Amino acid sequence: MTGTAADDATDLTGLYREYGDDRLPPGQRETDRFPVLSKGETPPWDAESFAFEVWGAVDEPRSFSLAEFRDLPAVTQRQDFHCVTGWSKFDCTFTGVEFAEIAERAGLNDDVEHVMFHALDGYTTNLSLDECTEPGVLFAHGYDGGDLPADHGGPIRVVTPHKYAYKGAKWVTGVEFLTEKALGYWEKRGYSDTANPWNEERYG
Ligand SMILES: Nc1nc2c(c(=O)[nH]1)N[C@H]1C(S)=C(S)[C@@H](COP(=O)(O)O)O[C@H]1N2
Ligand SMILES: [Mo]
């Protein structure tokens, strides 16, 4: 063994400089724990039948088994995590597939503008295509050198270090490419669609 996941990680914790002066966004407090926050229970899933799908305005819809997904080229990054309810966890080490890696494999139609993420618990969340191609947007399947724990969205979750964490779907089963904007679960219920933590874009 040579080093841990954290040693090998690309450091993205300086990403805040693009958005604000302070690493801790306004109105947030730092926690060492990694709290679990979900709208309901952690859903069950089966490693054999789990599928990750890519559809919508694409040249070729794709479906990956969990084994296939875990074999895709992956990166390990250290990034910060900001929950809209007021806690931030610094230095999370996530391993996963970059958004662009998935988009390339499906081939996007020229008129794709927007993306909807779908999850096992019925959760959805949306981002513009531009927001998805920012550094740090990963389909994460690893955390801290191991598999991503189920409570934190395993087998696969999205992470969005430049946004409040509700923009990162846990238990993500698919990504849908759209030619027009649509709103996800919390965005429809009054959470900010832009969700920039340094501007405190909490509620729409
Ligand atoms: N599928 C799904 N993803 C979700 C949620 C959810 O309820 N369901 N909650 C969101 C919210 S509000 C936050 S803060 C983070 C929490 O991630 P954590 O439980 O790993 O801390 O997941 C986000 N992704
Ligand atoms: Mo949250």
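Two strands pair if DSSP finds at least two bridges between them; helices (H or I, at least four residues) and strands (E, at least two) are DSSP runs, numbered from the N terminus. This is a predicted model, where local features need pLDDT of at least 70 and side-chain atom pairs count only at pLDDT 80 or more, while totals for chains, interfaces and linings use all residues. Residues are numbered from 1 along each chain as its sequence is written, chains are lettered from A and ligands numbered from 1 in the order in which they are written, and side-chain values use heavy atoms, with hydrogens and water left out.

Stop 1: Select β3 (51-56) and β4 (residues 62-65). They run antiparallel, joined by 4 bridges, and the hairpin connects them through 5 residues. Which residue in β4 stands opposite Glu 53? Ser 63 does.

**Stop 2: the core.** Now pick Phe 52, Phe 99, Ile 102, Phe 117, Phe 139, Val 175 and Phe 177: of the 35 residues in the largest nonpolar core, these touch the most other members. Such a core is a set of buried Ala, Val, Leu, Ile, Met, Phe, Trp, Tyr and Cys residues joined through side-chain atoms within 4.5 Å. Buried means under 20% relative accessible area, exposed over 50%, partly exposed in between (1.4 Å probe, protein chains only). Helix α3 (99-106) is among the elements supplying at least two residues, and it gives the most, with 4. Center on Val 175 and you'll find contacts (heavy atoms within 4.5 Å) with residues including Phe 52, Trp 55, Phe 99 and Phe 139.

**Stop 3: ligand 1.** Show the 21 residues around ligand 1 (a heavy atom within 4 Å); Pro 35, Asp 121, His 152, Arg 157 and Lys 170 come nearest. A side-chain N or O atom of Asp 121 is 2.7 Å from a nitrogen atom of ligand 1, and one of Arg 157 is 2.7 Å from an oxygen atom of the ligand. From Leu 37, a backbone N or O atom lies 2.8 Å from a ligand oxygen.

Stop 4: Most residues other than glycine have a negative phi, and most peptide bonds are trans. Check the Gly 154 to Pro 155 bond, which is cis with omega near 20°; Pro 155 is in the loop between β10 (146-147) and β11 (157-159). Asp 91, in strand β6 (residues 87-98), has a positive phi of about 60°. Trp 171 has phi near 50° and is in the loop between β11 and β12. Is Trp 171 buried or exposed? At 1% relative accessibility, Trp 171 counts as buried, whereas Asp 91, at 39%, counts as partly exposed.

Terms used
Polar contact = N/O pair within 3.5 Å; in protein donor to acceptor, adjacent residues only side chain to side chain. Lists of a residue's contacts leave out its neighbours within four places in sequence.
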